[in-house]
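Could you look through this model with me before we discuss it? My notes are set out below as numbered points.

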Amino acid sequence: ARATAQLLSRLDAPLTTTAFTFGTDLAPGIPRTLRRDSVGGAAMPVSPSRFRVRYPTSDELSMSYLHVLDAYLDDLVLEEAERASLNDLAGLYGLDEVKRQGLHEAYIESLIAAARRDGIVTAAEHRLIDAVCLALGVDPSVVPEPSAAVTAPSDLDGLRVCFTGEAIVAGVVMKRDRLESIAANFGMQPVSGVSKKGCDLLVAADPSTASGKAQKARDYGIPIIDIREFMIRIDSAPIKG
């Protein structure tokens, strides 16, 4: 992944609409930074399958960037060459500093959510996330203390979810990137489109919409719920009215 990132960052050809995806030894959408075995088996009583981090975006270029970032953070340190490679990659993908900082913060939120999902944040997990914050220049105060109380996992955990339409919650428009980050924090993997084998749930501003995504979901038998039901089920925001 490192060699590929460095090579691509030096290509003169402009980037087309086809995203480059950098592979790891895990399935797409499951970062490996917080592997249970990477922080000590004795402190990790829950099976690895319960500790899956989801990328907080469905954007292919952002996901490719996070794949490389995740690989670089396997040792919890970003070396100068790795930082330079990430800078080149961000330039290739058109990710400005604001976008990158948002991706880093959402990535850490997803790590924290994954650590909490088994009902406990261990000291080892706390140290690991703190190290990632340091490497990415994110305020470590966001990291929960060990044994912090957590919300029970949602029954939506593990689903691949797609969003469509303008979502309004409590009178406030919620952008798609925020909804995708929330979904990732509850163990779901955001996806950009609806397909028979690549999407489990469609969340629509209007479930009766005749949009292309909604029609595909109906054709494939994929459940469709509205944003209000989605937010109630994950209990992540107050719902009024």
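1. Basis of the note. This is a predicted model, in which local features need pLDDT of at least 70 and side-chain atom pairs count only at pLDDT 80 or more, while totals for chains, interfaces and linings use all residues. Residues are numbered from 1 along each chain as its sequence is written, and side-chain values use heavy atoms, with hydrogens and water left out.

2. Fold. The protein chain has eight helices and six strands, where helices (H or I, at least four residues) and strands (E, at least two) are DSSP runs numbered from the N terminus. Their order along the sequence is α-α-α-α-α-β-β-β-α-β-β-α-β-α.

3. Contacts and surface. Of the contacts (heavy atoms within 4.5 Å) between residues at least 6 apart in sequence, 68% join residues at least 24 apart. The accessible surface of the protein chain, by the Shrake-Rupley method with a 1.4 Å probe, comes to about 11,900 Å², and 53% of that belongs to carbon and sulfur atoms. Among the 241 residues of the protein chain, 44% count as buried, a term that means under 20% relative accessible area, with exposed over 50% and partly exposed in between (1.4 Å probe, protein chains only).

4. Cysteines. A search of the whole structure for disulfides, defined as pairs of cysteine sulfur atoms within 2.5 Å, finds zero. For C162, the nearest cysteine sulfur is that of C199, 5.3 Å away. C162 counts as buried because its relative accessibility is 0%, and C133 counts as buried because its relative accessibility is 0%.

5. Aromatic pair. Which way do the rings of F163 and F230 meet? Rings of Phe, Tyr and Trp (its six-membered ring) pair if their centres lie within 6.5 Å, and planes under 30 degrees apart count as stacked, over 60 as edge-to-face and the rest as tilted. The search of the whole structure finds one aromatic pair; the centres of F163 and F230 are 5.4 Å apart and their planes stand at 85°, so the pair is edge-to-face. The pair links distant parts of the chain, with F163 in strand β1 (residues 160–164) and F230 in helix α8 (residues 227–234), 67 residues apart. F163 counts as buried at 4% relative accessibility, and F230 is buried with a relative accessible area of 0%.
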